[in-house]
Amino acid sequence: MLNFTVGPVMSSPEVCAVGAQQVPYFRTAEFSRVMLENEQWMLRFADAPQGSRSLFLTSSSTGAMEAVVMNCFTEKDHVLVINGGSFGARFAKLCEIHAIPHTELLLKPGQKLTREMLYAYDGQPFTGLLVNVDETSTGVLYDTQMIGEFCRKNHLFYVCDCVSSFLADPFSMKGCGADVMITGSQKVLACPPGVSIVVLAPSAVGRVNHARVRSMYFNLADALTNMERGQTPFTPAVGILLQIHTRLKEIDACGGAQAEVARVAAQAVDFRRKIDGLPFTMVSQSPANGVTPLHPLHANAYDIFLTLKDHYGIWVCPNGGELRQTVFRVGHIGALTHEDNTLLVDAFKDLQRKGML
């Protein structure tokens, strides 16, 4: 199998080897040291301000999104949600479920968020902003610096879902002024799904510690208290956290966050160059490094996904909803190489020869 999806992705042999081991008991000093090291690496790679904290939740990234909405906002807030696809819509749905007043800044699939669009909401009585930095359904990368300037000007609590963009695109919590960053184990961290990570700036730590949350499992103040000793309130996905430790060490040894971003960017550039001349159009007006969304000009996007999976042993990423038949996505994260790109492009060319593209 050759996996070009955007999560789960291809893992390194070292990460796979950790996953093949017996899972140890975790209420130990040894596991606490691993967790505290994980926290420090995450803070460094996110370029988080001094006094920030990292939390590790055993959940998909949607669990982290919900935890942040629950712990950082109340019915007294009014949140602006950037909604350019299915993941922006998910933030809006979470606000609706938890009775957080919100307004959606709606974008068309693939549309770039411009300064003019954002500043149409300048000076309005918002208290927070939620954005999926890479709207993974269409591969649109939003300008975190521009949004951060808007949030500073309007005194908004700024939440960045970097699930697909963390370590794939340049990002600095200090640089853009983000209060919260969210990511997941199955993206550039290239581990199995099951762990989500929340990085809280000091402003967010204070907000979380004063929140009154009607939840046991998603009480982030409880998670902060436990993380002081390198532990979690409840049984975590121990094996995945050990794999994350191996992967973070791997990234650090290869040059850190900037080097990983550069590697993913080079993988994307190589793929986009190799598909030049094939009957596809790019969907995104401001493409992220981690994924290339493609609209086939003469074929059904979901049929391409099925054919590659069933006959070539290659996985690309299908879309759901209204984009199911028209757009599929090719990921550039995980343990992929330029040679892997060539194998996928050769499969496209074979489909074209057979009149299926």
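In which sense do strand β3 and strand β4 pair, and over how many bridges?

1. Strand β3 (residues 79-83) pairs with strand β4 (residues 102-106) in the parallel sense, over 5 bridges, where pairing requires that DSSP find at least two bridges between two strands. Valine 81 has glutamate 104 of β4 as its bridge partner. Together with helix α4 (residues 86-97), β3 and β4 make a right-handed β-α-β unit.

2. This is a predicted model, in which local features need pLDDT of at least 70 and side-chain atom pairs count only at pLDDT 80 or more, while totals for chains, interfaces and linings use all residues. Residues are numbered from 1 along each chain as its sequence is written, and side-chain values use heavy atoms, with hydrogens and water left out.

3. The structure holds 0 disulfides, a disulfide being a pair of cysteine sulfur atoms within 2.5 Å. For cysteine 160, the nearest cysteine sulfur is that of cysteine 176, 4.7 Å away; cysteine 160 counts as buried because its relative accessibility is 0% (buried means under 20% relative accessible area, with a 1.4 Å probe and protein chains only).

4. Threonine 292 lies in strand β12 (residues 291-296) and is buried, with a relative accessible area of 0%. Its side chain makes a polar contact with the side chain of histidine 332 at 2.6 Å; a polar contact is a pair of N or O atoms within 3.5 Å, of which, within protein, one must be able to donate a hydrogen and the other to accept it, and residues adjacent in sequence count only if both atoms are side-chain atoms.

Notes: Buried < 20%, exposed > 50% of the residue type's maximum accessible area, 1.4 Å probe, protein only. Helix = DSSP H or I, 4+ residues; strand = E, 2+ residues; numbered from the N terminus. Right-handed = clockwise from strand over helix to strand, strands pointing away.
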